[in-house]
Amino acid sequence: MRKILDSVVAGCCLAAAFCLVSCDSDLDIQQEYPFTVEAMPVADEIAAGNTVEIRLEIVPEGDFSGTVYTLRYFQPEGKGRLKMEDGTVLKPNDRYLLGEKRFRLYYTSESADGAQTIDLYFENNWGSLQQLTFDFNAENGGENSGEEDAE
């Protein structure tokens, strides 16, 4: 009886040792997922004082609840104003927290002629970065130009 009990205890110890050796203490938890930013088509001509709506969506390849996204913008050419849906007017190179993955921005031209460009930079808290560039040309002629040029 003693030999059987010793054999069972030895077997249990070997099984426990095997389980401990085969376990990997490094869990692979993925927090960072690549993402893209998709935009609906946007008009490429805009008259001074007019506004263009830019519909955007952040599309991550996976989802981690701790991921947050921010937006910065620059205007290397032309002059205009960029607003968020809630009315917040964005300042160049300031970082703004995005509460939703699907949102709209509104660009209002303040240039009477010439090309205008805005660069949007989207970044998550893991350091991944995506850039979108929108180019606008001054609108010449059209229904609104007579009213604006009348002054």
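The legends below describe close-up views of a predicted model. Residues are numbered from 1 along each chain as its sequence is written, and side-chain values use heavy atoms, without hydrogens or water. Because the model is predicted, local features need pLDDT of at least 70 and side-chain atom pairs count only at pLDDT 80 or more, while totals for chains, interfaces and linings use all residues.

**View 1. Confidence along the protein chain.** The mean pLDDT (the predictor's confidence in each residue, from 0 to 100) is 82 for the protein chain, and 74% of the residues score at least 70. Helices (H or I, at least four residues) and strands (E, at least two) are DSSP runs numbered from the N terminus. Residues 141-151 have a pLDDT below 50, and this stretch makes four contacts (heavy atoms within 4.5 Å) beyond near neighbours in sequence.

**View 2. The open sheet of five strands.** The strand order is β2-β9-β8-β4-β6, with mixed pairing; two strands pair if DSSP finds at least two bridges between them. Strands β2 (45-46) and β6 (96-98) each have a single partner strand, so one side of each is left without a neighbour in the sheet. Strands β4 (residues 69-77) and β8 (residues 115-124) run antiparallel and are joined by seven bridges. E77 has T117 in β8 as its bridge partner.

View 3. Rings of Phe, Tyr and Trp (its six-membered ring) pair if their centres lie within 6.5 Å; planes under 30 degrees apart count as stacked, over 60 as edge-to-face and the rest as tilted. The count by this rule is four aromatic pairs. The pair of F74 and Y121 is edge-to-face, because the ring centres are 5.4 Å apart and the planes stand at 80°.

**View 4. Pairing of β3 with β1 and β7.** β1 and β3 are antiparallel over five bridges, with T36 opposite V59 in β3. β3 and β7 are also antiparallel, over seven bridges, and here L56 stands opposite F103 in β7.

**View 5. Lining of the largest pocket.** The lining consists of E38, A39, M40, R55, L56, E57, R102, F103 and R104. Strands β1 (35-39), β3 (51-60) and β7 each give two or more residues to this lining.

Technical notes: On a 1 Å grid over the protein atoms alone, a cavity is a set of points where a 1.4 Å probe fits but cannot get out, and a pocket is an open set with protein on both sides within 12 Å along at least five of seven lines; lining residues have an atom within 4 Å of a point.
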